[in-house]
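Below is a brief report on one chain. Start with the sequence and the 3D structure.

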Amino acid sequence: MMKKRLLLLLGVLCVIQSLSAFADKVVLAELCPLLVGEWQGSAANPSLDPMAVTTSVMCSADQRNLYISVSRGSRFSNSETWWFRQQQDKVLLLYGNGVTADVTQQLTLYRQSDSYSFLGKGEINQRPALVQLQFDPIKATADKPQGGWQWQQSAHYLDDDSEQYQVVRALSLYPQ
């Protein structure tokens with residue numbers, strides 16, 4: 001059992017190392033101005049049908065704080081908030097939804113091409129996991145001429161032998 005956990009931990013470290021080899025570590029000030037504004041779209045997770053949501057994103061004047069509020073009805077009857085705070089080379093996340101206990105997590109922000117990814121070790125659904133919050137640009141189309149962002153929340157559960165991330169939830173963000 002201990003040997004299996006050690007091998008799993010080594011695998012997780014390899015995933016982190018490979019991501020950092022192909023991506024640049026960046027700070028919130030790079031992502032903040034790209035996300036600021038009022039957004040609309042849908043939110044979905046593997047166990048629920050997609051739901052319409054609105055999302056508000058604000059940055060502090062020094063761009064060391066990013067605040068995301070997802071409207072009521074995305075997962076709970078209350079809105080949920082994501083507060084990212086730059087602390088040296090790490091980002092502290094405080095997540096709250098008014099239903100479950102607030103979650104605090106330390107993450108690292110990476111950029112690969114035009115995509116941004118927060119990565120860190122944490123807990124999802126009461127399971128230890130390598131957590132990834134990925135922001136990918138959505139190209140403009142005839143229906144959505146301004147484009148937007150796809151925000152995907154994924155987990156690689158550390159108590160599972162799988163080598164893949166599992167999508168926990170995804171949100172589309174289009175300008176209002």
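Among contacts in the chain between residues at least 6 apart in sequence, what share joins residues at least 24 apart? The share is 40%, where contact means heavy atoms within 4.5 Å.

This is a predicted model, in which local features need pLDDT of at least 70, side-chain atom pairs count only at pLDDT 80 or more, and totals for chains, interfaces and linings use all residues. Residues are numbered from 1 along each chain as its sequence is written, and side-chain values use heavy atoms, with hydrogens and water left out.

**Confidence and layout**

The mean pLDDT (the predictor's confidence in each residue, from 0 to 100) of the chain is 86. At least 70 is reached by 85% of the residues. Over residues 1–20, pLDDT stays under 50. The model has 16 contacts beyond four places in sequence for that stretch.

The chain holds two helices and 11 strands. These are DSSP runs, numbered from the N terminus: H or I of at least four residues for helices, E of at least two for strands. Along the sequence the order is α-β-α-β-β-β-β-β-β-β-β-β-β.

**Core**

Of the 176 residues, 39% are buried. Buried means under 20% relative accessible area, exposed over 50%, and partly exposed in between (1.4 Å probe, protein chains only). A nonpolar core is a set of buried Ala, Val, Leu, Ile, Met, Phe, Trp, Tyr and Cys residues joined through side-chain atoms within 4.5 Å. The largest one has 33 residues. Leu-66, Ile-68, Trp-82, Phe-84, Phe-118, Leu-133 and Phe-135 touch the most other members. Beyond four places in sequence, the contacts of Phe-135 include Leu-35, Ile-68, Phe-118, Trp-149, Trp-151 and Leu-173. In soluble globular proteins, nonpolar side chains tend to be buried together.

The buried residues of α2 are Leu-28, Leu-31, Cys-32 and Leu-35. Seen down the helix axis, they fall within an arc of 115°, so they line one face of α2. The arc is that of the directions from the axis to the C-beta atoms. Gly-37 follows α2, with a positive phi near 140°.

The count of disulfides (pairs of cysteine sulfur atoms within 2.5 Å) is one. Cys-32 is joined to Cys-59, S to S 2.2 Å. The pair links distant parts of the chain, 27 residues apart: Cys-32 lies in α2 (residues 28–35) and Cys-59 in strand β3 (residues 48–59). The S-S torsion is about -115°, so the disulfide is left-handed.

Ala-129 sits in β9 (residues 127–138). Its C-alpha is 4.2 Å from that of Tyr-157, 28 residues away in sequence. Beyond four places in sequence, Ala-129 also has contacts with residues including Gly-120, Gly-122, Ala-155 and Leu-158.

Ser-154 belongs to β10 (residues 148–157). Its side chain makes a polar contact of 3.2 Å with that of Gln-152. A polar contact is a pair of N or O atoms within 3.5 Å; within protein, one must be able to donate a hydrogen and the other to accept it, and residues adjacent in sequence count only if both atoms are side-chain atoms. Among the contacts of Ser-154 beyond four places in sequence are Leu-130, Val-131, Tyr-165 and Val-167.

| Residue | Relative accessible area | Class |
|---|---|---|
| Cys-32 | 0% | buried |
| Cys-59 | 24% | partly exposed |
| Ala-129 | 0% | buried |
| Ser-154 | 4% | buried |
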